[in-house]
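This report describes a ligand site and the nonpolar cores of one protein. Please look at the structure before reading on.

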Amino acid sequence: MEYPITQDAGLEARDDRLVTDSARTDRPTPDVDVVVVGAGIAGLYLAYRLSRAGHRLRVFEAGDDLGGTWYWNRYPGARVDVPSIDYMYSFDPNWQRDWQWSEKYATQPEILRYLNHIADKHDLRRHITFSTRVRQAGWDDGASLWRVRTDGGDDVSARFVVMATGCLSMPKQAEVDGLESFTGEVYFTSRWPHDPVDFTGKRVAVIGTGSSGVQSIPVIAEEAREVVVFQRTPTFSIPARNGQVSPERLALFAANEADYRSAARMSPGGIPMERSITPTFSVSEAERQQRYERAWGIGELFEAINVYADVLSNPAANHEFAEFFRNKIRAIVDDPQTATDLCPTDYPVATKRPCLDTNYYATYNLPHVRLVNIRKHPIRQVTETGIDTADESFTFDAIVFATGFDAVTGAITAVDIRGRNGLALKDKWANGPQTYLGLTTAGFPNLFLITGPGSPSVLSNMAVSIEQHVDWVLDCLSHLCARGFAVIEPTETAETGWTQHVNDCADITLFPAANSWYMGANVPGKPRVFLPYCAGVDFYRASCDEVVAHDYLGFTLSGPGGTECNDGVVRRLQPDVEMVLNRMAAMNLPTMESMPVEDARAFYNQMSAVRPPGPDVGEIVDGTLPGTSGDLAYRLYRLYRLPRALARSSCTSTAEVGLWATPFRTIRCAGTFASGATQSSSRRITVTRPSTGSRPRWTTPWPRCDGLPTTPRHSAAYRACSRSVAGTRAVGSRRWSAGSRETWADRTSSGRPC
Ligand code: N01
């Protein structure tokens with residue numbers, strides 16, 4: 001039995017397998033196969049792929065025209081911060097025949113022209129209903145379809161809904177008192193007027209110094225009579241060194257575009273780049289300074305952050321890099337107090353999105369530009385004529401809010417999405433988003449999220465991540481059709497496992513240390529959870545591909561012909577183990593199990609040597625977990641210093657002792673028995689959090705997992721890794737690159753000693 005995907009009468013289907021006759025099923029035929037919400041970069045690519053595959057679709061777009069982010073964010077100085085030729089579709093072959101980027105970092109108008117060019121070239125507009133906001137989407141379980149309502153009165157049924165709403169599209173509120181009394185002009189960078197704004201001769205306030213503020217302040221200062229910047233948190237910004245598109249990059253394209261695109265897809269950030277494997281303190285200070293200078297000079301964000309392997313995990317390494325930045329700021333800015341205020345000191349570099357700028361810091365040397373540090377001089381209110389701080393009254397003709405977004409989840413939960421049993425997505429995510437692969441969420445069948453929380457999204461080149469997600473969704477629809485399924489939904493097990501993996505990855509980095517929009521910390525009341533997946537585009541893609549290769553691991557597929565579910569967790573290894581293995585693979589080292597134990601131990605010691613020491617280990621507790629072939633022993637080390645994320649937690653599980661010391665809140669054991677059988681077992685720790693607004697992340701019981709981790713190479717290497725780390729028997733201890741935690745328990749086997 002096939003589910004009723006029907007052919008768009010006006011389209012020639014490219015993939016005949018997808019086109020089926022709805023009359024052959026007894027299910028109600030929906031109005032369309034797919035509703036897409038949003039006509040930005042993701043919505044346009046969905047329109048292209050879905051229409052070419054013969055699906056009937058409707059795209060709803062709240063804006064009066066296409067472009068998403070690039071439609072709304074028209075503020076002065078708005079540009080992309082990924083090189084233009086990397087920030088474009090790869091599906092459009094021979095693009096150089098009819099498109100050329102004029103600059104290394106294209107302006108907003110040029111990117112919008114590009115998106116219009118693509119839409120016209122591939123005839124995509126006819127699928128889009130503009131000026132229409134999707135208000136509600138409800139899953140009808142009986143009919144196995146979505147019922148979608150818009151503010152334009154549309155009531156559309158669809159087999160699938162795809163949220164292509166963008167990660168940075170729901171603006172934050174102004175959050176200042178008295179704005180309604182201001183008689184001058186008010187602008188939001190995220191909703192800039194379409195008509196030109198002229199600041200010539202005006203006194204302008206800018207609130208906010210993230211990417212939008214950093215880009216717009218120098219341009220506004222070129223026109224305005226006076227600019228006062230109200231800064232809550234200073235930013236790290238590097239010079240963009242904009243100009244012509246790099247001839248070297250164009251040459252790479254000309255040589256082999258397919259290879260170039262493929263390298264981007266398999267890179268850490270979605271731009272062809274070797275992942276740095278050099279730890280900061282493994283080289284001399286002179287070499288470090290040389291590399292920092294290169295990072296500052298190259299004018300590319302991803303390259304700069306990639307300067308050393310441990311910038312985002314080793315506090316000491318991060319501190320040194322941050323100090324290099326601060327020295328640059330001090331060297332550019334003339335007034336020492338302004339320079340001090342512009343130097344970020346309360347979060348590690350790159351844990352808030354760094355900026356690319358043109359003349360940002362130098363702008364503060366202009367006589368008509370002034371910085372107000374609102375941590376020292378808080379804004380009291382907006383008045384009729386300007387802004388009052390605690391100790392000064394300012395008069396302005398215009399106020400510009402560059403105060404950012406309710407990022408990643410804001411635009412999704414703005415739609416009233418109701419899944420099975422009427423569950424609202426907003427309620428499900430009240431304590432933080434839970435997704436499987438950032439693409440789907442349990443209880444919401446046939447709902448896809450493009451670059452949703454738990455995927456690399458905002459940490460990557462969005463163009464590459466969007467294409468990967470859309471391609472995955474299209475492949476999934478083909479699979480469902482080919483196998484006669486109508487509905488796909490992730491299991492709780494898979495979702496819990498992935499959500500934990502996303503958090504585990506973040507927890508071994510410095511990201512959680514910042515009050516960033518990555519953490520939801522910029523929106524009052526938003527749960528403090530790290531939203532994107534930080535292990536990289538390459539590793540993420542591998543996970544998505546593995547899920548498919550294992551018969552849609554972690555998904556339930558159902559249809560008239562029955563139900564199929566290969567339940568499981570796609571990433572079981574602790575991320576630091578994964579990191580070691582991936583680094584070994586990058587260095588083309590033999591797998592650990594193929595090394596003599598001494599070599600493996602030496603390798604591991606060498607890797608540990610470049611990490612900072614963790615805190616002292618306290619109490620040690622032994623215990624066992626049941627395995628199918630016998631008990632597995634574990635040893636647990638209790639820490640005296642708690643990881644930051646758990647500092648306010650209390651433990652309520654039976655295995656309380658030491659549990660809050662374990663970075664991953666899971667006891668895991670794995671063993672190889674005399675019979676040769678391998679098995680592992682784990683128990684999830686129950687941690688309740690007394691504070692409000694935090695996610696009850698650790699209350700779900702973890703299913704006992706028998707068998708090996710999914711990747712054979714990893715499982716073998718993991719056993720070898722544990723074995724060699726532990727010595728001949730037993731107990732492993734490990735240092736964490738974040739330095740704020742030390743381990744825990746490793747495993748012993750009750751079978752053959754390892
Ligand atoms: O927003 P932001 P953005 N009172 O959240 C401050 C992408 N982007 O629009 O840090 C006073 O970064 C806030 O202070 P704090 C890019 O990914 C890309 O600038 O919360 N101040 C911060 O300084 C970027 O990261 C480009 O303490 C308040 C600023 O406003 C993301 O979009 C260009 C405040 C907001 O900075 C968001 O950037 C633009 C308040 N009540 C954007 N509330 C490219 O280059 C907030 N702030 C492609």
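A polar contact is a pair of N or O atoms within 3.5 Å; within protein, one must be able to donate a hydrogen and the other to accept it, and residues adjacent in sequence count only if both atoms are side-chain atoms. The model is predicted: local features need pLDDT of at least 70, side-chain atom pairs count only at pLDDT 80 or more, and totals for chains, interfaces and linings use all residues. Residues are numbered from 1 along each chain as its sequence is written, and side-chain values use heavy atoms, with hydrogens and water left out.

| Residue | Protein atom | Ligand atom | Distance |
|---|---|---|---|
| Trp-517 | polar side-chain atom | oxygen | 3.1 Å |
| Glu-175 | N or O atom in the side chain | nitrogen | 3.0 Å |
| Arg-79 | polar backbone atom | oxygen | 3.1 Å |

On its own the ligand has 900 Å² of accessible area (Shrake-Rupley method, 1.4 Å probe), and the protein covers 89% of that area. Around the ligand are 25 residues, of which Ser-212, Gln-215, Arg-232, Thr-233 and Lys-352 come nearest; a residue counts as near if one of its heavy atoms lies within 4 Å. Helix H4 (residues 211-223) gives the largest share of this shell, three residues. Helices are DSSP runs (H or I) of at least four residues, numbered from the N terminus.

A nonpolar core is a set of buried Ala, Val, Leu, Ile, Met, Phe, Trp, Tyr and Cys residues joined through side-chain atoms within 4.5 Å, where buried means under 20% relative accessible area (1.4 Å probe, protein chains only). The largest core has 108 residues, and Trp-101, Leu-437 and Trp-472 have the most contacts inside it; contact means heavy atoms within 4.5 Å. Helix H14 (residues 462-483) supplies the largest share of this core, 10 residues.

Note on methods: Helices (H or I, at least four residues) and strands (E, at least two) are DSSP runs, numbered from the N terminus. Buried means under 20% relative accessible area, exposed over 50%, partly exposed in between (1.4 Å probe, protein chains only).
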